[in-house]
Amino acid sequence: HPWSLWIWTTDLPNAGTDADISFQVYGEKGKSDEIRLDNKSDNFEQGQVDRFMVELPDLGKLTKLRFWQEKGSPFAGWHLSKATLMKTLTKEKYTFPCERWLDINEDDNEVVRELPACGELIAEPLPVLKYRLTVCTGNVGGSGTDASIFINLIGDQGDTGQRQLIHCKNNVNKFEKGNMDEFIVEAVTIGQIRRLRIGHDGKGGGCGWFLDKVIVREEGKAEAKALEFLCNRWLDRNEDDGQITRELVPFLDGQRLYNISYQISVKTGDIPGGSSDSNVFVKLYGDKGDTGKLLLVVSTNNLGNYFETGRIDIFTVETFDIGQINRLLIGHTNKGMRAGWFLDSVQIMVPVHGKNYMFPSHRWLCKDEADGKTEVEIYPSEILDIEQLMNYEITVVTGDVMFAGTNARVFIQIYGEKGKTEIITLQNKSNNFERNTTETFKFEAKDVGKIFKIRIGHDGSGIGSGWFLEAVDVKHLIMALVPKEKKKEDKKKKKKKKKDEEDEEEDGGEEMQEVVLTYHFPCSRWLSSGEEDGELVVELLSEDAEEDLEVNTYEVCVFTGDMMGAGTDANVYINIYGENGDTGERPLSNSDNLNKFERGQEDVFIVTAIDLGTLKKLRIRHDNTQPYSAWYLDRVEIVDTKEDITYYFPCNRWLAVDEDDGQIARELVPVDEAFMKQDEEGAGATLGLEQKSMSTTYTIKIKTGEKKYAGTDANVFAILFGEKDDTGLINLKACKNYKNKFEQGMINEFIVEAVDLGDLEKLRIGHDNSGGSSGWFLDWVEVDAPSQGQRLRFPCGRWLDEGEDDGAIVRDLYPADLQTEIYTPCK
């Protein structure tokens, strides 16, 4: 809607300014964008009235107006008398009195003013309040910063806008280690404060900052009414998650769970001169609000220089839930030797919502190209549904004993009544898992419902990898009934009798709110090959787990066949599945025999896990890493020591790339003991048919692209994910139709057998980056399961190459069309 904006500059000496003035308008229905009023025609001169035509969205009744100016100009000081806004069509008019300086050398030295709306339409203007902020810098080494800090307070009735924290009330040198710096932010009331956004510009050599907390209270109110916003994190490109802006909520627990991650993938066009050296910013708009302008300065895929020709840079932004995204603003600051930029597209994934937004652009953002714009609003061309995930927060406590820390790769898997998460690596940019430290990680994963166990461990890599784990906490949000806040008692009630007061006292009642649910997992043990039982992985029960769940020991007896070349020197892994989950993949490394898996030999291993209940199947594989890797597995027997039950898993097949069907992994199901004792001729064939009937055979076809250098020499692997389970890691070694695999334009076929995956939902494929030419352009993958009536195409059309595209060498692919093609199996 068109509005007339009139601005009166006072006639005080030096009241005028040469600076550009910006403003933002707030109303009952929201706020406008930030609008800059360019000062190119001697606007804002002493004693002058300046008139502008501006376009504003439907904000309902206006509530306030914020003016600010760039403080860097030599003649920037400005004394504003007042402003008026009038809607052109309806003549709806508001006045905003000021009569104050916006000047770093006058008044309170601020360059921002918030003005409440006045006029005939306003019964009572909103009050202007002073918010006292106490910003507490942490006490860890290097926690102080010289960068410019900004803050934005966000409440029920709007926000303060982004304010630079310049004028400290109690310290000359701000934001030093252990400091408690006080600032005043003057603003029209924002109602109940719900969150704040705080960050810095990332400039300067030692710009990293460890923020302990921020305390906010209204000036003149009791300290007991202050709100405390805990942070206790780095705002540093090289620490924690690399973010230099944080959003905090006034909760003591599960701080990070209240924010949503937006993964922003920005593709620069593959045209000459398309790259940019400028700083790029983005602003996301949703039906619940916007993110404000965010500089994209810390990528998650770490490709070095950002916004290079033909590359995809990925950034993660954490902010409050803005709802369904309807548009975004993207642009750059037009600074740098080569500021001009050709933006191809933007993609935004929001796992917590299960949405993937596609924003095509394919245009220049450059002063000297096309329309000369350096920023543009774009709208989604498509919104795709993806797997919906939920936020988890994991707190890991490393013990306070000698050599307790580890540099190995730590991972966790969470099990609940609805299933299990994938294996999650716990890492960030900081040096993790040092002695006597408590570290918190946030990630998105499948909602597993009520959690009963976790599996946590490490890969044993690095020098001195042994780790003493004290405890783990797992947190997530749930909706629960909580007492409502009671309303303030009406003064008139005080005159009533006590009995009447008791009868009429308002009961707050209950309402559904998000609350943090915490599961505590005590551990207090070593995960080290040289300590205790030598295990690197442990399963832990939560303190409030059901009483019938307890740790169980499984004796795994592996029988290698008695035929020529049956033994293997490769590394062997097993995963045991039961009605209460699985053990996860465990290495079979500590046998009672020094030389494992030899011809005709029985090797016994101990696997400790939370009780699995009745065993359903097992998956056993080797990694084919040694010269003599081929292995003929006769059978596996597992003794449940708690129940004193033995389960028999016959195999009688090769796990070898050049024998049988070329598979190096087998899924086996238990059979009755009587079946194992059958000696009659043909028992083996019967067994084979019985096992076959319980398995699904998948044919995986992989198409390498036609591009130059599309083929790879690296080792390729895949994982099939179904609604019930996944296959685990499949090393794609034995190709049915070509000896030299994954060459340009080639379609390679592989056979995989698995038990009870259910309908396929996702495929993960990648390579280990080994070999002279490891980069790979994958066109598509097709998975064919005639017995299940499924044939699914998983399109890719992208590089798996550290030097191309977004640098990823592993990709998750989803079926293009979830409708299955029904087969009529031969009879």
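Residues count as buried under 20% relative accessible area, as exposed over 50%, and as partly exposed in between. This scale is applied below to a predicted model. On it, aspartate 400 is partly exposed, because its relative accessible area is 48%.

The protein has 827 residues, of which 51% count as buried. Its secondary structure comprises 3 helices and 54 strands. Along the principal axes, the C-alpha atoms fill a box of roughly 110 × 75 × 55 Å. The protein exposes about 39,500 Å². Carbon and sulfur atoms supply 46% of that area. Contacts between residues at least 6 apart in sequence were also examined. Of these, 70% join residues at least 24 apart.

The annotation comes from an unreviewed UniProt entry. The entry lists "domain: PLAT" at residues 1–116, 129–249, 260–379, 390–541, 552–669 and 696–814. Two of these spans are described here. Residues 129–249 are 0% helix and 50% strand. The end C-alpha atoms of that span are 21 Å apart. Residues 696–814 are likewise 0% helix and 50% strand. Here the end C-alpha atoms lie 20 Å apart.

The nonpolar interior was considered next. In soluble globular proteins, nonpolar side chains tend to be buried together. The largest nonpolar core of the model contains 28 residues. Val266, Leu284, Ile325, Leu328, Ile330, Val346 and Ile348 touch the most other members. Two or more core residues come from each of strand 19 (260–268), strand 20 (280–286), strand 23 (312–319), strand 24 (325–332), strand 25 (341–350), strand 26 (355–365) and strand 27 (375–378). Strand 25 gives the largest share, 5 residues.

Valine 280 lies in strand 20. With a relative accessible area of 0%, valine 280 is buried. Its contacts, again without residues up to four places away in sequence, are Leu294, Leu295, Leu296, Phe307, Ile330, Gly331, His332 and Trp341. Aspartate 672 is 392 residues from valine 280 along the chain. The C-alpha atoms of these two residues are separated by 65 Å.

A nonpolar patch occurs on the surface. Met479, Leu481 and Met512 form this patch. Together they have about 320 Å² of accessible area. Leucine 481 belongs to strand 35 (residues 467–483). Its relative accessibility is 52%, so leucine 481 counts as exposed.

Charged pairs were then examined. Side chains of opposite charge can pair when their charged atoms come close. The structure holds 74 salt bridges. One of them joins the side chains of aspartate 400 and arginine 435, at 2.9 Å from N to O. Aspartate 400 sits in the loop between strand 29 (390–398) and strand 30 (410–416). Arginine 435 sits in the loop between strand 32 (424–425) and strand 33 (438–445). The pair therefore ties together parts that are 35 residues apart in sequence. Arginine 435 counts as partly exposed, at 41% relative accessibility.

Aspartate 661 and arginine 653 form another salt bridge, with the closest N and O atoms 3.2 Å apart. Aspartate 661 is partly exposed, with a relative accessible area of 24%. Arginine 653 is also partly exposed, with a value of 22%.

Lysine 736 and glutamate 749 meet through their side chains in a salt bridge of 3.9 Å, N to O. Lysine 736 lies in the loop between strand 49 (730–731) and strand 50 (747–754), and glutamate 749 lies in strand 50. This pair therefore ties together parts that are 13 residues apart in sequence. Lysine 736 counts as exposed, at 53% relative accessibility. Glutamate 749 counts as partly exposed, at 21%.

Definitions and conventions:
Residues numbered from 1 in each chain as written. Predicted model: local features only at pLDDT ≥ 70, side-chain atom pairs only at ≥ 80, totals over all residues. Heavy atoms only, no water. UniProt positions renumbered as here; feature names shortened; annotations may be inferred. Helix = DSSP H or I, 4+ residues; strand = E, 2+ residues; numbered from the N terminus. Salt bridge = Lys/Arg side-chain N within 4 Å of Asp/Glu carboxyl O. Buried < 20%, exposed > 50% of the residue type's maximum accessible area, 1.4 Å probe, protein only. Core = buried A, V, L, I, M, F, W, Y, C linked by side-chain atoms within 4.5 Å. Patch = residues over 30% accessible without salt bridge, like charges linked within 9 Å, V, L, I, M, F, W, Y side chains within 5 Å. Areas by Shrake-Rupley, 256 points an atom, 1.4 Å probe, with all protein chains shown as cover. Contact = heavy atoms within 4.5 Å.
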